[in-house]
Every structure is written in C-alpha cells, then in structure tokens.
Amino acid sequence: MPIREYRQEFVRPPNPSAPHLRCFASFEEDIEDILPHLHAVLRGHQFSRQPPMLTVKLQGEQAQLITIYPRMIAINIVKDQEEADKILEWLRQVINDTWERRQEIQPRFDVPAKPRILEILRLLPKTNCRQCGLPTCLVFAAQVSEGLKSLVACPGLEEPNRAKLADYLANFDGFGPACPRPPGYLPRNS
Ligand code: SF4
C-alpha cells in the first residue's frame, strides 16, 4: 500500500494568461481505504466517500487546493516543478506514515462545515470594485467559502475587518493556520 513512486503531469489552466500550472501525480497503489484516516490527519477541507476523495487546503489565506483520490493527487496551483516536488514528497510521506499508523488513527467520515457566505460578505467592503478579478463581493465571498480565493486578493479589505474575517475562517477545517503543510512552505499571495 505505501506509495513508492508517482508520475507527474503538468497542465496549463483554461485561462492562458494564468501564471501557474496544475499538477497531477498518479501512482499504482490504491489508497482509498486510508482516505478517512488522512482526513483526520490533514484536517481535510472537503471529504467524499462516493466518489472517494479528500481535499486539503494548504494555508489559511490562500487558495492552493490539493485533492487526493485513490490513485491520484491533483494540485490546482503550482509555480513550477520544484514547488510540486516539495508538496508531493511531503504528501507521499504523510500518506505512507498514515498507512503505517492506520490502526491508531480514528478515521473521519464527516463532511466539514464551510464558512457561511453571508458572514464573509458582511465584513467585505461591498464596493463591487472587481479588483479581486470577480464581478461582485458576493461572488468573492462564495469563492472564499469554497477555499478558492484568499482574503489577500481583496485590496480594499482593511483592519479590523480583515482580522475578524481571518478569525472567523480559522474556525473551519482547512482555513486555520494550524493545518498541516509541507516543511518550509510559504503562503501564496493570490
Ligand atoms: S476586491 Fe474586494 S471589494 Fe472589490 S469586488 Fe472584490 S471582494 Fe469586493
């Protein structure tokens, strides 16, 4: 069951001007049985039993999502091969360690609660200025709730509302600074 090696593939996102890549790593081993254990270890942002998948959000204020399937890992944003290698090697170690310790880990099957869109919107500037690249603050709030946008993408969001929002988001799995992440990992500001 431990993952011995994986094959990487990089693809450009649909927007040709996007400065990042998507990365997919596939492997022979089937890790479906330990996805609930990984959910407990990694504090997954999303979890599904059918189809089996676990999504992990790496950092509280950015939008880098990793989805783990039984035979594949997908990372929505990577800068380059070096960053992908760092994340994938960390994950391979976490997965293999979780497999070794599966008898001592209480598996999680719950679908984590998401931050409420209106609670996020309440603290945004609500100017619909579009500087975040989205048409309205409501759309931005929805994407923050899904873990697809970070607070830093809204230049008009100032203290104390920024701190209040960060505190609110920290209550949810996948958003708090305590979530596991690769050693030396730096937050992405987009
Ligand atoms: S940048 Fe901020 S204020 Fe402007 S539309 Fe986006 S969320 Fe609203």
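## Stop 1: an arginine in a loop

R43 sits in the loop between α1 and β3; helices here are DSSP runs of H or I with at least four residues, strands are E runs of at least two, and both are numbered from the N terminus. R43 isn't a glycine, yet its phi is positive, about 55 degrees. Most residues other than glycine have a negative phi, and most peptide bonds are trans.

Before moving on: this is a predicted model, where local features need pLDDT of at least 70 and side-chain atom pairs count only at pLDDT 80 or more, while totals for chains, interfaces and linings use all residues. Numbering runs from 1 along each chain as its sequence is written.

## Stop 2

Jump to R130, in the loop between α3 and α4. Its phi is positive too, near 75 degrees, and R130 is exposed, with 12 other C-beta atoms within 10 Å.

Now pick Q50 and P51: the peptide bond between them is cis, with omega near 0 degrees. P51 belongs to the loop between β3 (46-49) and β4. Another cis bond links E159 to P160, and P160 is in the loop between α4 and α5 (161-169).

## Stop 3: the largest core

Which residues have the most contacts inside the largest nonpolar core? Select L38, I66, I73 and I75; the core has 22 residues in total. (A nonpolar core is a set of buried Ala, Val, Leu, Ile, Met, Phe, Trp, Tyr and Cys residues joined through C-beta atoms within 7 Å.) Helix α2 gives the most to this core, with five residues. Zoom in on I73: leaving out residues up to four places away in sequence, it touches A25, I66, I68, L88 and L91 (contact means C-beta atoms, placed from the backbone, within 7 Å).

## Stop 4: helix α4

Finally, select residues 137-145, helix α4, whose buried residues are C137, F140, A141, V144 and S145. They're on the same side of α4 because they cover an arc of only 140 degrees around the axis, taken from the directions from the helix axis to the C-beta atoms. These buried residues pack against α3 (117-123).

Definitions and conventions:
A residue is buried if 20 or more other C-beta atoms lie within 10 Å of its own, exposed if 12 or fewer, and partly exposed in between; C-beta atoms are placed from the backbone. Two residues are in contact if their C-beta atoms, placed from the backbone, lie within 7 Å.
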